[in-house]
Amino acid sequence: MVENDAARAADVARDYYDTKDVDGFYAQAWGGEDIHVGVYEDPREPIGTASRRTIDRMAARVGDALGPDSTVLDMGSGYGGAARRLAGTVGCRVVALNISETQNRRHRELNARHGLTDLIEVVPGSFQDIPFPAASFDVVWSQEALCHSADRPGVLREAHRVLRPGGHLTFTDIMAAEHAPADALRSIAERLSLPPFATSTRYTDQLRSLAFTEVEFDDLTPHIRTHYDRLAESLHTPTPGLLDAVTPAYVETLRTSLTRTAEACHDGYFTWGIFHARRA
């Protein structure tokens, strides 16, 4: 039953990200390359600047494990912003595993534009069944991708399997606050085509049950409120690029959806931050 749920959730995620309107929105409004939540030093700074800061914060948690001799698996890599920043700054090799071929095509184009094709391998596939042997990677990385999984313990088991002993796992995700109303979260998850949200406590417990060590969660929840405020604001006066990339009907859908998600963030329904753990 869990395997069937995981397969269905993977199909939903693939269909969602391969949709022309969804792809246009992420490419035009969410930073273009880094389609994940940002860490903001100024609430008015560009979304892309804040998103790259998240990558740098995560990389700092991993520390010396990132270097020219290391190999990183980016699970749910999107357009590859994290992969390019890591490969471009420290020279590591990155395997970018992603289920959406629409995103993968753009990812490869951007890698070529930045001269990073030799360091980044874009691999179609699901993180529920990672197509690599055990102990293949020094770092496993993911940003706001596990929320699409209906079997998150299975994803974490796969991450543990492909990590080398002493390897690092770091990820971010959009999570339910511990005491958020179930009905409110259910309607938000359904609107975003997501399975029920995890919590930070659930993730921490699952990591420890898999014998990960040094399990830490850096709670950065205020930044998800800023991030969704910025996204909601971007729909009040859409840029010409966004209007060219998505249909008018989708703009109206986004206005409603992003405003409600931003309100839920301010109501304290969501948690967001950086997890870090190591394989023993």
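I looked up α9 and α11 and found them roughly antiparallel to each other, since angles over 145 degrees count as roughly antiparallel. I am working from a predicted model, where local features need pLDDT of at least 70, side-chain atom pairs count only at pLDDT 80 or more, and totals for chains, interfaces and linings use all residues. Residues are numbered from 1 along each chain as its sequence is written, and side-chain values use heavy atoms, with hydrogens and water left out.

**α9 and α11**

I noted an angle of about 160° between helix α9 (residues 221-234) and helix α11 (residues 248-266), with axes 9 Å apart. Axes here are lines fitted to C-alpha atoms over the stretch in contact, and angles run from 0 to 180 degrees between N-to-C directions. Helices are DSSP runs (H or I, at least four residues), and strands are runs of E of at least two. The crossing of α9 over α11 is left-handed, meaning the near helix is turned anticlockwise from the far one by less than a right angle.
I then listed the contact (heavy atoms within 4.5 Å). From α9 come I224, R225, Y228, D229, L231 and A232; from α11 come L258, T259, T261, A262, C265 and H266.

**α3 and α4**

I checked helix α3 (residues 47-62) against helix α4 (residues 81-90): their axes come within 10 Å and cross at roughly 55°. They are therefore oblique to each other. In the contact, R52, I55, D56 and A59 of α3 meet G81, A82, R85 and L86 of α4.

**α6**

I found helix α6 (residues 152-162) mostly covered, with eight of its 11 residues buried. Buried means under 20% relative accessible area, with exposed over 50% and partly exposed in between (1.4 Å probe, protein chains only). The buried residues are R152, G154, V155, L156, E158, A159, H160 and V162. Their cover includes β1 (71-75), β4 (137-143), β5 (163-176), α8 (200-209), β6 (212-219) and β7 (270-279).

**Cysteines**

I searched the whole structure for disulfides (cysteine sulfur atoms within 2.5 Å) and got zero.

Key:
Angles under 35 degrees count as roughly parallel, over 145 as roughly antiparallel, 65 to 115 as roughly perpendicular and the rest as oblique.
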